[in-house]
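The sequence and the coordinates come before the text.

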Amino acid sequence: MDLPVEHLATFTAVIDEGSFEGAARRLHITPSAVSQRVRAMEERVGSVLVQRTRPVAVTEAGAAVLRAARQIARIGDDLGAELGHGPAGGTLIPIVVNADSLATWFVPALAEAARETGVYFEVIRADETVSTESLRNGSVMAALTATREPVPGCTSSRLGGDHYRAVASPEFVARCFPDGLTVEALRRAPTVEFDRHDAFQQRFLHRVTRARVEPPRHFIPSSAEFAHAIELGMGWGMLPALQCIEPLAAGRIVELDPGTTVELPLYWQRWNLRSPVLDTLSEVVARHATAALA
């Protein structure tokens, strides 16, 4: 299918900016020209590619075109770098990462990859159980995910497992669990959860009780503030091992059931595309994950 490169670049700009007007400002053309290019692509493809909402959203056909557009742009940048026409930076590299990895080990990996490749990264934070949707709709080139099965057009490799511990402040434990982790105490003691996708607390409850337990919940959608809320005694919650080391050693938190952990398997999914930038990023992420998750 013959889709002009400038039309593909225009389509990408529409999705990135969220509107035809935003794409026009980015490309220094008129909104009418943007609309004409997108409409011409839709006529060639034979399907609507973008929903004219605010912000715009890709259709199923549009997701496939967007993925191809980003891949073509990546190939062009890699070729330019190989031919000596400047760094491979050109386009932004969008990736999706879960909040806990972002707060612990992932940023140093990203910083190293940025130094080695000279590119720029856009990190989109999303729960590891839903992050593959961003790969599926073409909005990112790689994702840190809990899903082993590769998204069509991507490869998947296991990085390791992040182990979560059930922790709370000593005062909270003394107040809410004077007789230990009984089912009734666990029903009454509030939990701290990241958001409504966060299933770690329920996994721990099922493991230690084998019963259906639904305690009251706080929702704190930020990794650092989540940990802080636990230290302040708002409730108990599951923290990854790297976030537990210092506060456990200092006595600000204690484990509810020492030795019991819940594992989160982590996989790196990326486009199945030969690209020096994606290859380097993937190698650096795998190396840092091996060191951090060991």
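Predicted model: local features only at pLDDT ≥ 70, side-chain atom pairs only at ≥ 80, totals over all residues.

**Two residues**

Glutamine 243 belongs to helix H12, which covers residues 241-250. Because its relative accessibility is 15%, and buried means under 20%, glutamine 243 counts as buried. Its side chain makes a polar contact of 3.3 Å with the side chain of serine 223. Ser223 is also listed among the contacts of glutamine 243 beyond four places in sequence, together with Asp100, Thr104, Ala224 and Ala227.

Alanine 57 sits in strand S2, residues 57-58. With a relative accessible area of 27%, alanine 57 is partly exposed. Isoleucine 15 is 42 residues away from alanine 57 along the chain, yet their C-alpha atoms are separated by 7.0 Å.

| Residue | Relative accessible area | Class |
|---|---|---|
| Glutamine 243 | 15% | buried |
| Alanine 57 | 27% | partly exposed |

**The second largest pocket**

The second largest pocket holds about 350 Å³ of space. Helix H5 (99-104), helix H10 (200-209) and strand S9 (237-240) are the elements that each give two or more residues to its lining. In total, 24 residues line the second largest pocket, and Asp127, Glu128, Phe194, Asp198 and Phe200 lie nearest its centre. By class, the lining of this pocket comprises 12 nonpolar, five polar and seven charged residues.

Notes
Residues numbered from 1 in each chain as written. Heavy atoms only, no water. Helix = DSSP H or I, 4+ residues; strand = E, 2+ residues; numbered from the N terminus. Buried < 20%, exposed > 50% of the residue type's maximum accessible area, 1.4 Å probe, protein only. Polar contact = N/O pair within 3.5 Å; in protein donor to acceptor, adjacent residues only side chain to side chain. Contact = heavy atoms within 4.5 Å. 1 Å grid on protein atoms, 1.4 Å probe; cavity = no way out; pocket = protein on both sides within 12 Å on 5 of 7 lines; lining within 4 Å. Points joined across faces, edges and corners; volume = space filled by probe spheres on them. Nonpolar A, V, L, I, M, F, W, Y, C, P; charged D, E, K, R; others polar.
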